[in-house]
Amino acid sequence: MNFLSRFKPSSREGSLGLILIVTIAITGIINPRFLTGDGTRDLFTSTAVVALLAIGMAPIIIMRHIDLSVASTVGLTAWFIADLCAKHPEFTWVQCFIIGPIIGMVVGVINGLLVAGLRLPSLVVTLGTLYIVRGAVYVISNSVDYNAQEMPPSLLDLGQKVYFGIMPFTFLLVIFAMLITAWFMKYRKAGRDCYAIGSNPHAADLVGIKVFRRTFLAFVFSGAMSGLAGVFYLMRFAQVDSTAFYGQELAVVAAAVIGGVTIAGGSGTTVGATIGALLVQTIQGGLAAIGVDAFWKSAINGLLLIVAIYADRTLARKSENALLAQRIKERA
Amino acid sequence: MKKVLAAIATGALIATAFVAPSSAATKLKIAHIPKLGTIGYFQAAEVGVQRACKELKATCAYKGPTEITAAAQVKEINAAVQGGYNVLIIAANDKDALVPALKAAQKKGVTVVTYDSDVAQAGRSVFVNQASSEGIGNALADSAAELAGGEGDIAVLSTTPDATNQNVWIEFMNKRLAAKYPKVKVVATAYGLDKPEESTTETQGLIQKNPTIEAIVAPTSVGIVAAAKYVSGSASKGKVFVTGLGLPNDMKTYIKDGSGAQASLWDVENFGYVAVQIANSIRNNKQSVKVGAVIKSAKGDKGVKSRKVIKGAVGNEVLLGPATVFTKDNVDNYNF
């Protein structure tokens, strides 16, 4: 019983994993080619960008905030790096991996200062930076776009690199980021603080949790992940213009929420966010493999989101009731 | 003796002075105004403009605006007219907004030829259109049939189901396939919404759902790159070939990396060349550009021998010619 109750908090991730496997299996039965080495590799490759962003977004949502500027930041970073690489042919993947997160962090610092420092609502602030950053890309890019020719071969080769036939380098980094953040959020005080802030910001402040610092750093972290995601974007598509990754921020929020990161704050994990991203992409890829056209896919995505939130609510209510029952029992 | 010489010299001078205006306000001074200076496509057209200028011994300047707006182009137009340019070659950012400035220029005797994107009839003498939809459809069909080896299944990756241009090109491609390559069958059409993300996912889906396809035709510059990038890094490399509408520089990597991709587009360099030569014909050879007239091509024209002036969507126009297919054998000759 003790073992079971210890297992329980992560059962949300367990059941999500199960749903993921069932979804993959169903698609595989309808179209066996979906499960070939190429199919699995494609699933991981195409999930990497959104998964990375969902991992960056999870701590923010856990703290009852949101970061809508991530997709614009991906676009900014991707275009900026491609531009630098075109002007400096000596650049390799190393410079890209350093510069990307730095550009992202600049946006993160701005978001963090506005949200944590001026105590403005993050929904409005990041909606603003969404437009500002995208506008900046339009202005800076001046309609110039870049293609594989202008990008460092070492970066593109790394984007093609696959381990064990199915595990791309980019997704390996995603797993790494997921494990580190999951450990941090679960076992470090700073990580636990995030849950406290999300459960009750006022109380968290009163008990002396550094709300400003935690919130600020969460936005900087999300910015850094968006910057890295911009590099991933180049590695995957090898083409970029000022509209790169336009409008994809809600896909990231969807992945996190479907992965059990509650929009009301206070619960969720980066493992869940990653599985959520995988689930969304499996369904996207699965629908394409079955031959459903792109318009229906976005509608089905929306439906999935609503189902996920419904499941989230029901589960939350159930566990609330269970907790209440337990407390009553303990008092008796 | 000296006096005689002087008299002859003076006479000659007077003669030249008299002859000059009639044989030519001929000294052409050409301003090339693209949509935006920094775009590779227009820089390639400028190479052709320069080539024509050299042949005509004309003065040429590239007046690329720094932003892609009609206002920026109006500024360039006015500056060029004041600077004494007598020919304007323009790819317009707006159909109507440039017309007043261009009308004023024409009143001052400036010859205006539009290419790539037109303005209303009143603003220019003639429009040089890139290629007919039929020409593009034919190039797509020829390339796809070649990549499929003359027979087999192919698929189409388009932008959206209601994209007018793409649908017209696909229709002409299908016509050509039916007439010339009856054994090549289009078995599926997917839509990538002109975004790399969706285009890649749809390419994966096409290949997974239709294992028999040998070629994917993407009549969109975003879709073709996404499809080629995906195929080049997948197990389908060497089995499924990508072709469509694309810039040779965008596609060079995949045309040459062994995935055997191709791309089609009009020859942009020749585009600039033809626009200048036609302006020259109008100005110096009194070439008519009324619908039905035939314009003989200049020596260095890489396209067709002559062009007929036809009625286009806006007014009189001529077509550049058939589209060019870029393959690993010729792609290095193009830089745009």
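## Ground rules

Residue numbers start at 1 along each chain as its sequence is written, while chains are lettered from A and ligands numbered from 1 in the order in which they are written. Since the model is predicted, local features need pLDDT of at least 70 and side-chain atom pairs count only at pLDDT 80 or more, whereas totals for chains, interfaces and linings use all residues.

## Chain B at a glance

Chain B comes to ten helices and 15 strands; here helices (H or I, at least four residues) and strands (E, at least two) are DSSP runs, numbered from the N terminus. Its C-alpha trace spans about 90 × 40 × 35 Å along the principal axes. Of the 336 residues in chain B, 52% are buried. A residue gets that label if 20 or more other C-beta atoms lie within 10 Å of its own; with 12 or fewer it is exposed, and in between it is partly exposed, the C-beta atoms being placed from the backbone.

Take the contacts in chain B with a separation of 6 or more: residues 24 or more positions apart account for 71% of them. A contact here is two residues whose C-beta atoms, placed from the backbone, lie within 7 Å. The domain assignment gives domain 1 (26-130 + 268-321) and domain 2 (133-265) for chain B, with bounds that come from an automatic or database domain assignment. The C-alpha centres of domain 1 and domain 2 of chain B lie 32 Å apart.

Ser132(B) is found in the loop between strand 5 (126-129) and helix 5 (133-147) of chain B. With 17 other C-beta atoms within 10 Å, Ser132(B) is partly exposed. Ser132(B) and Pro322(B) are 190 residues apart in sequence, yet their C-alpha atoms are 7.4 Å apart in space.

## The sheet in chain B

Chain B has an open sheet of four strands, in the order 7-6-8-9 with parallel pairing; strands pair if DSSP finds at least two bridges between them. Strand 7 and strand 9 (241-244) of chain B are at the edges with a single partner strand each, so one side of each has no neighbour in the sheet. From one strand to the next, the twist averages 25°. Helix 7 (residues 196-209) of chain B packs on the sheet, touching strand 6, strand 7 and strand 8 of chain B, and its direction makes about 140° with that of strand 7 of chain B. For such angles, axes are lines fitted to C-alpha atoms (for helices, over the stretch in contact), and values run from 0 to 180 degrees between N-to-C directions.

Strand 6 (residues 152-158) of chain B has five of its seven residues buried, so the rest of the structure largely encloses it. Strand 6 of chain B pairs with strand 7 (residues 184-191) of chain B in the parallel sense over seven bridges, and Ile154(B) stands opposite Val186(B) in strand 7 of chain B. To get from strand 6 to strand 7 of chain B, the chain goes through helix 6 (residues 164-180) of chain B in a right-handed β-α-β crossover. Right-handed means that, with the strands pointing away from the viewer, the path from the first strand over the helix to the second runs clockwise.

Strand 6 of chain B also pairs with strand 8 (residues 213-218) of chain B, in the parallel sense over four bridges. In strand 8 of chain B, Ile213(B) is the bridge partner of Asp153(B), and Val217(B) stands opposite Val156(B).

## Where the chains meet

On the chain A side, 25 residues are in contact with 26 residues of chain B. Helix 3 (37-62) and helix 13 (270-290) of chain A each supply at least two residues to that side, and the largest share, five residues, comes from helix 13 of chain A.

By class, the side of chain A that touches chain B has nine nonpolar, twelve polar and four charged residues. Ala, Val, Leu, Ile, Met, Phe, Trp, Tyr, Cys and Pro count as nonpolar, Asp, Glu, Lys and Arg as charged, and the others, Gly among them, as polar.

## Residues to check in chain A

Leu156(A) is found in helix 7 (residues 153-160) of chain A and counts as buried, with 20 C-beta neighbours inside 10 Å. Leaving aside neighbours within four places in sequence, Leu156(A) is in contact with Ala148(A), Met151(A), Met235(A) and Ala238(A).

Phe164(A) is not a glycine, but has a positive phi of about 55°. Its place is in the loop between strand 2 (162-163) and strand 3 (167-168) of chain A, and Phe164(A) is exposed, with 7 other C-beta atoms within 10 Å. Phe245(A) also has a positive phi, near 65°, but Phe245(A) is buried, with 32 other C-beta atoms within 10 Å.
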